[in-house]
Amino acid sequence: MSYEPRIIAFLCTWCSYTGADTAGIARIKSPANIRAIRVPCSGRVSPELVMSAFNQGADGVLVLGCHIGECHYDTGNHRAAKRLPILRSLLAFTGLEPERLRLDWVSASEGERFSKIAIEFTEAVRSLGPIHWRVDPDERKIVCKSLTAVQEILPYPETNCAAKTDAIRQKARELLVNGQVGCVIGYETSQRGRTRPTFVYSPEETDRLVWNPDCSNNLTTYLPAKLQLKKGKEPPKPIAVVVKPCDSKSINVMLAENHFQRNQVHALGVACEGIRDSEGNMQVRCVNCQEAVPIVCDTLISGDTSSFIPRLSSYAKEEISELHNATPAERMEFWLGQFDHCIRCYACRQACPMCNCLVCLYESDNSTFIGLGIGLNEKRTFHLGRAYHLAGRCVGCNECERACPMGIPIGLLNQKLAEEIEAAFDHHAGLTVSPSPIVTILSGEYKEG
Amino acid sequence: MSKSIAEKKHWLISQTELESWLDGIANARTLIAPRQVSGIMRFCQVEKSDEIAWHGKTQKTKLASRPVMSIKEIFFPPTERMFKIKKNRQEIHLEETYPDWETIVFGVRPCDARGVKLLDALFLDTNPVDSFFARRRGNTTLIGLACKDLGPTCFCTSVGGTPNDSHDMDIMLYEKDGDYVVEAVTEKGRFLILSGEWKETDLGSRQFNDKEHFPVPEKGRWPEHFNDEYWSRISERCLSCRACAYVCPTCRCFSVRDEIIKPGEFERIRCWDSCAGENYRRVAGGHKPRAEKSERLRNRFFCKFYYYPEQYGLGTSSACTGCGRCIDVCPAGVDITEVLMDLEKSA
């Protein structure tokens with residue numbers, strides 16, 4: 001028997017589903033490979049639905065909605081128009097042939113158009129052959145591959161942090177004495193000599209605060225919970241937080257998403273010369289960093305910025321282009337090898353200031369998008385879904401990658417999507433207080449393709 | 001496994017002999033050993049002994065010289081299928097899916113072996129016996145490797161362990177001037193030993209470089225710290241991820257769920273879970289008895305040093321083996337040794 005692709009078509013109930021009906025009533029032939037799923041709007045088709053279709057063995061996924069301007073909900077299809085191309089490039093980056101996912105528009109009267117698209121898509125998928133997306137845990141043996149693009153190792157320069165430490169302590173003391181803030185979130189050195197987050201509530205404790213080349217944590221992660229309004233309680237006092245240039249951008253994203261008000265946060269922005277990794281070299285994100293001075297900043301802890309080294313190499317870019325040049329099968333092999341290490345400990349999610357949903361979609365009991373298992377399919381869906389949710393929001397602090405106990409290059413996914421968002425919408429997360437472009441409607445910035 | 005051990009012997013083998021012995025094992029059975037895979041060291045299946053991440057032969061790992069994950073995952077994997085359900089019209093078939101392959105684990109550190117021993121208290125020594133754990137335990141032989149030094153975050157000697165403890169192994173290896181002294185600990189271990197080919201020797205001295213011990217609060221004293229303000233202070237930086245629990249050799253919580261494999265085929269799986277997660281303790285109606293992260297972090301320490309030892313009769317021993325993995329992986333710098341020292345001080 002010849003190969004018959006299985007195609008899942010998400011059809012918007014107002015236009016495309018009716019369009020398919022029109023094709024049927026008019027007796028226009030459409031391929032029998034298509035299984036139609038009726039959705040209220042193409043904007044409803046979340047990446048989880050698409051991935052779950054692929055995870056369950058679909059060879060192709062077709063999403064059809066109303067033409068732009070004809071949406072029953074005015075702008076639902078704008079969201080589909082923005083999101084699905086991003087999802088497609090993410091899936092392609094991890095090894096899916098991009099032709100297996102298609103978004104198009106069919107109105108209620110366009111029976112012929114529906115049939116044409118259905119035939120085209122079915123033939124395109126047929127020519128690709130059976131899909132190898134779903135991993136059978138009983139059969140597959142994972143080979144872990146590394147990329148050949150070599151990370152440029154930059155020894156960490158000698159820096160003097162004493163002046164900055166003093167300035168942070170002094171300002172923190174001042175803010176606490178004046179009662180301007182209720183808490184200062186900064187860094188301290190543990191007994192073991194590790195630099196870690198600390199919370200200072202009184203002026204006497206401010207001597208704990210330090211600044212050094214190991215201040216890696218993005219402290220803004222703690223802000224939403226600390227500034228949350230609680231029923232029957234006084235609104236929390238403003239909080240001062242020590243931020244590096246990269247971290248400061250996450251404040252802008254959180255402001256755009258209304259997690260707190262600007263006056264609730266006092267940013268102690270530190271002019272940063274880069275942060276060390278555990279081996280004493282410059283962290284990858286810092287090698288690529290372009291900002292020496294924080295973008296969101298109420299007090300600038302300047303110190304000496306002369307040793308700041310702007311943009312020396314583009315490590316992540318090389319890795320991304322290496323994956324780009326690989327075949328889909330090689331890309332899939334690479335990512336599966338990486339995701340195989342994942343233990344689903346959620347350290348990446350918890351360390352991320354942008355991952356602040358009250359209940360994570362991938363963890364809620366009634367989520368049928370993804371199983372609870374710690375298997376390859378589930379882990380891949382989690383990581384891709386998380387990367388997608390961060391598209392246009394990730395500020396590139398790369399804390400997820402640092403927090404990962406298994407050393408998975410999660411940052412590559414975020415970096416890839418940041419590039420896609422930049423190309424499509426000219427948007428850089430956190431530079432201004434603006435939401436991710438993929439949650440807003442089209443305003444002419446979107447380029448087809 | 002008691003009487004014949006009385007006549008146990010020791011052998012001296014070289015690195016080459018050890019490697020060819022392991023090659024032989026890997027040919028016939030499943031050999032699991034520490035292996036360097038894309039930047040991290042992990043217990044993985046190896047087909048040849050040169051795939052093993054030999055200490056000193058490979059470059060320094062990201063963390064200490066022990067694998068990131070403990071050997072817990074060999075006996076209690078992250079996800080385990082408990083049975084398969086096949087539905088065909090009116091008929092429903094249940095299919096048992098017991099693991100039944102023989103596994104040899106090489107390079108087990110005493111802290112990890114002790115961790116598995118501690119898990120026995122729950123899975124094997126308390127009814128009902130966990131048949132999955134029991135099968136894996138029965139089919140697995142542990143070849144231990146004594147540590148000569150304590151790593152930067154290790155503290156086994158403070159919680160009652162020893163870096164050369166052979167109690168929970170089947171075979172124990174001690175490094176000695178570039179060679180290895182092999183000790184047969186159990187009958188199961190003796191079965192693997194090529195006694196005819198190897199040179200017999202004495203056990204000799206089994207020295208290791210200890211480091212300063214710190215006092216651990218006794219089990220009976222933990223309840224008095226339950227309401228301490230300390231927990232909310234120490235937990236502020238905690239991110240509520242589960243890295244500490246998942247790398248821990250003795251954390252053993254799991255969740256059970258039925259999932260679809262494909263139309264008409266389902267499986268019941270159990271997968272790791274951890275008290276650090278916010279929804280871990282959620283009950284019907286949405287109430288969360290441990291809603292605050294301070295309560296959740298406190299639970300982790302209480303479980304290690306009070307609940308588990310109390311519930312499963314570990315005596316004075318705690319459920320912490322001092323491997324220090326949780327210290328290494330914590331992205332926010334929560335340090336179990338610091339917590340223990342602070343509690344000891346506050347008493």
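Predicted model: local features only at pLDDT ≥ 70, side-chain atom pairs only at ≥ 80, totals over all residues.
Is helix α2(A) mostly covered or mostly open, and how many of its nine residues are buried?

**View 1. Helix α2 of chain A is mostly covered.** Seven of the nine residues in α2(A) are buried. They are P47(A), E48(A), V50(A), M51(A), S52(A), A53(A) and F54(A). If you look for what covers these buried residues, you will find, among others, the strands β1 (7–12), β3 (60–65) and β4 (101–105) of chain A, together with the helices α3 (76–93) and α12 of chain A. After α2(A) comes G57(A), with a positive phi near 105 degrees.

**View 2. Helix α2 of chain A meets helix α12 of chain A.** Here the axes of α2 (residues 47–55) and α12 (residues 376–389) of chain A come within 10 Å and cross at roughly 155 degrees. That angle is over 145 degrees, so α2(A) is roughly antiparallel to α12(A). The crossing of α2(A) with α12(A) is right-handed. From α2(A), the contact uses P47(A), E48(A), M51(A) and N55(A), and from α12(A) it uses N377(A), T381(A), L384(A), G385(A) and Y388(A).

**View 3. C404 of chain A sits in a loop.** Look for C404(A) between α13 (399–403) and α14 (410–425) of chain A. C404(A) counts as buried because 24 other C-beta atoms lie within 10 Å, and the cut-off is 20 or more. Setting aside neighbours within four places in sequence, the contacts of C404(A) are A347(A), C348(A) and I410(A). R173(A) is 231 residues away from C404(A) along the chain, and 34 Å separate their C-alpha atoms.

**View 4. Two asparagines of chain A, N258(A) and N398(A), have a positive phi.** Phi of N258(A) is near 60 degrees, and phi of N398(A) is near 60 degrees too. N258(A) belongs to the loop between α7 (245–256) and β8 (265–270) of chain A, while N398(A) belongs to the loop between α12 and α13 of chain A. Which of the pair is buried and which is exposed? N258(A) is exposed, because it has 8 other C-beta atoms within 10 Å. N398(A) counts as buried, because it has 26 C-beta neighbours inside 10 Å.

**View 5. Chain B touches chain A.** Chain B brings 31 residues to this contact and chain A brings 34 residues. On the chain B side, the elements that give two or more residues are α7 (243–247), β11 (254–262) and β12 (265–272). The largest share of that side, four residues, comes from β11(B).

**View 6. A cis peptide bond joins N127(B) and P128(B).** Omega at this bond is about -5 degrees. To find P128(B), go to the loop between α3 (110–123) and α4 (131–138) of chain B.

**View 7. Chain A is assigned three stretches as domains.** The domain assignment lists domain 1 (7–128), domain 2 (162–301) and domain 3 (315–439). Taken over C-alpha atoms, the centres of domain 1 and domain 2 of chain A are 45 Å apart.

Notes:
Residues numbered from 1 in each chain as written. Chains lettered and ligands numbered in written order. Axes fitted to C-alpha atoms, helices over the stretch in contact; angles between N-to-C directions. Parallel < 35°, antiparallel > 145°, perpendicular 65-115°, else oblique. Left-handed = near helix turned anticlockwise from the far one by under 90°. Contact = placed C-beta atoms within 7 Å. Domains from an automatic or database assignment. Buried ≥ 20, exposed ≤ 12 C-beta atoms within 10 Å, placed from the backbone.
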